[in-house]
Amino acid sequence: LMGWLWLTAIYKALVLLVIACPCALVISTPVTVVSGLSAAARRGILVKGGAYLEEARKLRVVALDKTGTITAGTPQLVQTRMLSTSTDAAQIERIAKSLAARSDHPVSKAVATGIDAEALEVDNFAAELGRGVKGDIDGQSYVLGNHRWIHERGQCSAEVEALMLAMEQQGQTVSVLASAQGVLGLFAVADTTKESSKQAIAELKALGIRTVMLTGDNEATARAIAAQVGIDEVKANLLPEDKLQVINGLVAQQPTGMVGDGVNDSPSLAAASIGFSMGGADTDIAKEAADVVIMNDDLRRVPETVLLSKRTYAILWQNIIFALGIKAVFFVLAVFGNASMWMAVFADMGASLLVVFNGLRLLRGRK
């Protein structure tokens, strides 16, 4: 058809066959994704697969737990208030420490550590997720719980409410010790925000990502902490199932990330578009439920993951364009020009090497 000789046509066909080899196109995606995963690991970010690294760039909302995520997770007992006239203060402290010492929640640990008293024997101990702990001491039932639980028990008098509100407005979390007869004492603990939290929230906002705090803590304390770091929206007094419901609602509207560190956060981490677990101090179940584990507990790694995802995506498309573009150029040269076999080999192996080296750029120590 083109007036070619038989040997010329066969030579061009062989050149086209070499050019058509899809090595560069096949290599372009895995080498870029693996480089991105390696770059993340070097920064203390364990991503459980290339799909999550590619999807992180799409996040529009990031929900964050408070204790251990935004705050240091090491609260200290800063204030106590005894409200019972029938039980002496020393006995109230012993009861509170006995219940708190059996819990692994950071707030309970702070209460137990802050009280210098001897613990008593506790029977029928049980933990209520999102509320507190309860148990029997000397045949009497007691609870050590949050504001919400005491309110549900109908034991929040005007005096108790006023005292708790004053403590909460100072950013303190209040644990209330109560018996069946009434409230015995208030134990306020305070937690400090991580130095990296404010910067991390600012970086997320710069990326156009809205931030939401999800916490089981009270409204006043949550808003005080959120104001310190610049979080856009606060949802407080949430049980684990309430957090899950909020995450499901957000995911239905737009891609949503969830950052948490405890057992209570695990359902939400699993339900989010991408779950980020603070790996330095979190529980095994939270690490298992999350898609990304931040090994050094630095919240700034979350926006860094989004930036790395954007960079990986850009290089991925560069590689695909390189692989197809070079093939197209040499295809035209082979049919209508004078492309030789060595040029075809260059188009094949050269394009493969090009996409490999371009993908490896992700490993450079760039912030």
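Which residues have the most contacts inside the largest nonpolar core? I looked this up at the outset and found Met213, Val259 and Phe276, in a core of 34 residues. I took a nonpolar core to be a set of buried Ala, Val, Leu, Ile, Met, Phe, Trp, Tyr and Cys residues joined through side-chain atoms within 4.5 Å, with buried meaning under 20% relative accessible area (1.4 Å probe, protein chains only).

**Basis.** The model is predicted, and I kept to pLDDT of at least 70 for local features and 80 or more for side-chain atom pairs, whereas totals for chains, interfaces and linings use all residues. Residues are numbered from 1 along each chain as its sequence is written, and side-chain values use heavy atoms, without hydrogens and water.

Helices (H or I, at least four residues) and strands (E, at least two) are DSSP runs, numbered from the N terminus. A second, separate core has 20 residues, including Ala96, Ala100, Val111 and Val133.

I then examined Val259 and set aside its neighbours within four places in sequence. Its contacts (heavy atoms within 4.5 Å) include Val62, Leu64, Leu269, Phe276, Met278 and Val302.

**Sheet.** I traced an open sheet of 7 strands in the order S1-S13-S12-S11-S2-S9-S10, with mixed pairing. Two strands pair if DSSP finds at least two bridges between them. S1 and S10 (233–235) are the edge strands, each pairing on one side only. Strand S11 (residues 256–260) runs parallel to S12, and 4 bridges join the two. Within S12, Gly275 is the residue opposite Met258.

**Helix packing.** I recorded that the axes of H14 and helix H15 (residues 341–360) come within 9 Å and cross at roughly 170°. Axes are lines fitted to C-alpha atoms, for helices over the stretch in contact, and angles run from 0 to 180 degrees between N-to-C directions. H14 and H15 are therefore roughly antiparallel, a term for angles over 145 degrees. Their contact comprises 12 nonpolar, 4 polar and 2 charged residues. Ala, Val, Leu, Ile, Met, Phe, Trp, Tyr, Cys and Pro count as nonpolar, Asp, Glu, Lys and Arg as charged, and the others, Gly among them, as polar.

Helix H1 (residues 6–20) packs on H14 at an angle of about 180°, with the axes 10 Å apart. H1 is therefore roughly antiparallel to H14. The H1 side of the contact consists of Lys12, Val15, Leu16, Val18 and Ile19. By class, I found 8 nonpolar, no polar and 2 charged residues in the contact of H1 with H14.

Technical notes:
Buried < 20%, exposed > 50% of the residue type's maximum accessible area, 1.4 Å probe, protein only. Parallel < 35°, antiparallel > 145°, perpendicular 65-115°, else oblique.
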